[in-house]
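I opened the notebook to go through one chain from the inside out. Below is what I looked up, in the order I did it.

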Amino acid sequence: MVRIDFNRLRFLVIDDNAHMRRILRTLLHGFGAREVFEAEDGATGLEAFNHFGPDIVISDWTMPIFDGLELTQMIRQPGANGNPYVAIIMLTGHSEKKRVTAARDAGITEFLAKPISAKGLYERIVNIVVNPRPFIRTRTYFGPDRRRSTGAGYVGPERRKGGKADVIKHSTLLEKVRTPS
């Protein structure tokens, strides 16, 4: 089992609800994180993202100015921001399949439906660190590989949107947060 030192991770929490930001900050501090930055809307969140360089962004979907989906699309523009490979966890009270698909297609790394639990948040963060997905670039998409299954037994048609994909190697968070066992 890999032990993660949350103290080495930088988080950015973006949510227009101050109570939700406080809950997330408290949970992250409880996991051992020290650097937790906050923003109350998409525009301030993008500014904080560029200023603080977080390792993981936790964003609400519905926010003033621009929402979490638009924020994700702006972050995932290669060359437009500091780190288009940053892990993004989308929080929302709407967990319908079309919302999950839209968030996935915007380039989120993990999806977490409200109400959240400490266990659910912890598991998403550990999964991001321990099992990072490669990044994919197609004609119409840049972000984490949307395919979680890597089974070699698949014999169906190629269904990747945007045609042929380039797999992009990038540094992962695992070496940054691994503690000696």
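**Entry 1: Asp15.** I started with Asp15, which is buried, with a relative accessible area of 0%. My cut-offs: buried is under 20% relative accessible area, exposed is over 50%, and partly exposed is in between, with a 1.4 Å probe and protein chains only. The model is predicted, so local features need pLDDT of at least 70 and side-chain atom pairs count only at pLDDT 80 or more, while totals for chains, interfaces and linings use all residues. Residues are numbered from 1 along each chain as its sequence is written, and side-chain values use heavy atoms, with hydrogens and water left out.

Asp15 sits in the loop between β1 and α1 (18–31). Helices (H or I, at least four residues) and strands (E, at least two) are DSSP runs, numbered from the N terminus.

Which side chain does the side chain of Asp15 make a polar contact with? I found Lys114, at 3.5 Å. A polar contact here is a pair of N or O atoms within 3.5 Å; within protein, one must be able to donate a hydrogen and the other to accept it, and residues adjacent in sequence count only if both atoms are side-chain atoms.

I then listed what Asp15 touches, not counting residues up to four places away in sequence: Met20, Arg21, Ala39, Glu40, Asp60, Met63 and Lys114. Contact means heavy atoms within 4.5 Å.

**Entry 2: Asp60.** Leaving aside neighbours within four places in sequence, I get Asp60 in contact with Ile14, Asp15, Asp16, Gly68, Met90, Leu91, Thr92 and Lys114.

I also checked UniProt: an unreviewed entry lists Asp60 for "modified residue: 4-aspartylphosphate". Its positions are in the numbering used here, feature names are shortened, and annotations may be inferred rather than shown by experiment.

**Entry 3: helix α3.** Gly68 took me to α3 (residues 68–75), where the buried residues are Gly68, Leu69, Leu71, Thr72 and Ile75. They cover an arc of only 160° around the axis, so they are on the same side of α3; the arc is that of the directions from the helix axis to the C-beta atoms. Their cover includes β1 (10–14), α2 (42–52), β3, β4 (87–92) and α4 (97–106).

At the N-terminal end of α3 I found a cap: a side-chain oxygen of Asp67 lies 3.0 Å from the backbone nitrogen of Leu69.

**Entry 4: rings.** I counted eight aromatic pairs. Rings of Phe, Tyr and Trp (its six-membered ring) pair if their centres lie within 6.5 Å; planes under 30 degrees apart count as stacked, over 60 as edge-to-face and the rest as tilted.

Phe31 and Tyr122 are edge-to-face, 5.2 Å centre to centre with 70° between the planes. This pair links distant parts of the chain, with Phe31 in helix α1 and Tyr122 in helix α5 (residues 118–130), 91 residues apart. Tyr122 counts as partly exposed, at 36% relative accessibility. Phe135 and Phe142 have ring centres 5.5 Å apart and planes at 50°, so I logged that pair as tilted; both residues are buried. Ring pairs also link Phe6, Phe11, Phe31 and Tyr122 into a cluster.

**Entry 5: whole chain.** I finished with the totals: six helices and eight strands, and buried residues making up 44% of the 181 residues.
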